Amino acid sequence: MTPALEPVRRIAAYGVCTDDEGRVLLVRAAASSGTPGAWSLPGGAVSHGEHPLDTVVRETAAETGLSVAVTGLRDVLADMRALPNRGVTIHTDRLIYAVTVRGGGLRDRIGQPTDLARWISPEDAKALPLRPFTATALGLPPAPVDLRPDAPPEFPSFYAVPGEDGLHRAQRFAAYAVATDPAGRVLLTRVAPGYPGAGRWHLPGGGTDFGEQPGIALLRELAEETGQRGDLVGLLGVASHRDAASLGPEGYPIDWHGVRAFYRVEVGDPAPLAVIDAGGSTDDCRWHTVEECAGLTLTEVTEEALRAAGLRQ
C-alpha cells in the first residue's frame, strides 16, 4: 500500500519529434528527479496562463537545445504518479503534440531535471525504461518506472491558491463535447447565473476529476448536464484561455487559467433532455441546428470547438 500523500494536479505538454531516419527525440531524467534514468518525450508543466503550444516549444528548447514548431495535436492523456519521497501524488493531464525541428543542436544539461537528449531508434527505445505516457504516445511497452497510488486521493473539483500578486490563482483542465444527433443538430448547454459567461451557450462537459481520463470525464459530464449518452468519435483540439480576474460563485476575483480539450461525440439515440446535476453551472440544455448556432451568444471555447469541427465559419 502506498502511504497517504498530498494530492497535486498539473497540466503538461510534450512533443513527438522524429528525424529523417525515423528516430524519436527523447530526454533522460537526471539522478535528482523522481524517476532517475527514465526516458520521456521532451516537455513539461504548463505555466499559469501559458498556452500549451508555447510550453512545448519552450520546454523542448530548454531540455534539448532544439527549436521546434508544433504541427498538430496527437493525443491527450492523464495519469497518476506517487512520489513518497516528496510526500505527493501527482495527477498530470498531458497534451501530446507533433513537432518538427527548426534549428539548434542537441546539448546535455547539468543540475537540471533532465540531463541527456538523444535521437533514439524505435527498436532501441523498446529497451529503454520509458515513462508510461511516453510509451503510450509511441505505441511501445512501458517500463515500471512510475509508482501508481492504490486509489485516487480526495481532491476538490475547484482549487485556488494565492498568487505572488496576492490574487488567487486557479488552473483547471476540462474536457468538452461537440455532440451531434443523427439530424446533425448540436447539443449546447447554457451557463447558469453567477458563473463566468452566465447566459451564454456552452459545450457540455467540465473539469475532470483526480485520476480520471478526459474521455471518461467527458461522457460523465454529458450525462449529468444533458441526460444524453454518446460515443466518443475523436479529439478535435485544445483551447487555452486566461481570465486575469474571473468572478464566479466564490465571490472574489480569481486569476483563472483553463485548458480545455474538446472531442467529437455522436449521440445516436437522443434521450429526453434534462439537467441532472441541478444547481451547478448549467441551467438549460438544448439541441440547435448549425444555422441556429450562428445566432447564439457562445462562449469562447464553444466558438473555437465548433470551428474545429467544421460546424462554424
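Predicted model: local features only at pLDDT ≥ 70, side-chain atom pairs only at ≥ 80, totals over all residues.
**View 1. Helix α1, residues 52–64, and its buried side**. Here's a helix of 13 residues that reaches 18 Å from its first C-alpha to its last, close to the 18 Å expected at 1.5 Å a residue. Buried along α1 are Pro52, Thr55, Val56, Glu59, Thr60, Glu63 and Thr64. Look down the axis of α1 and its buried residues fall within an arc of 115°, so they line one face of the helix. An α-helix has 3.6 residues a turn, so residues three or four places apart point the same way. Just past the end of α1 sits Gly65, with a positive phi of about 85°.

**View 2. The largest nonpolar core**. This core has 26 residues, and the ones touching the most other members are Val76, Leu95, Tyr97, Phe173, Ala179 and Val238. Elements giving two or more residues to this core include strands β5 (66–83), β6 (88–104) and β9 (168–180), along with helix α4 (214–226). Apart from it lies another core of 17 residues, with Leu41, Leu77, Ala137 and Leu140 among them.

**View 3. Zooming in on Val238**. Which residues does Val238 touch, not counting those up to four places away in sequence? They are His51, Leu73, Val76, Leu95, Tyr97, Val259, Arg260, Ala261, Phe262 and Glu304.

View 4. Residues 7–144 are 18% helix and 46% strand, with the end C-alpha atoms 21 Å apart. For residues 170–310, it's 18% helix and 41% strand, and the end C-alpha atoms are 31 Å apart.

How values were computed
Residues numbered from 1 in each chain as written. Heavy atoms only, no water. Helix = DSSP H or I, 4+ residues; strand = E, 2+ residues; numbered from the N terminus. Expected span 1.5 Å × (residues − 1). Buried < 20%, exposed > 50% of the residue type's maximum accessible area, 1.4 Å probe, protein only. Arc of directions from axis to C-beta. Core = buried A, V, L, I, M, F, W, Y, C linked by side-chain atoms within 4.5 Å. Contact = heavy atoms within 4.5 Å.
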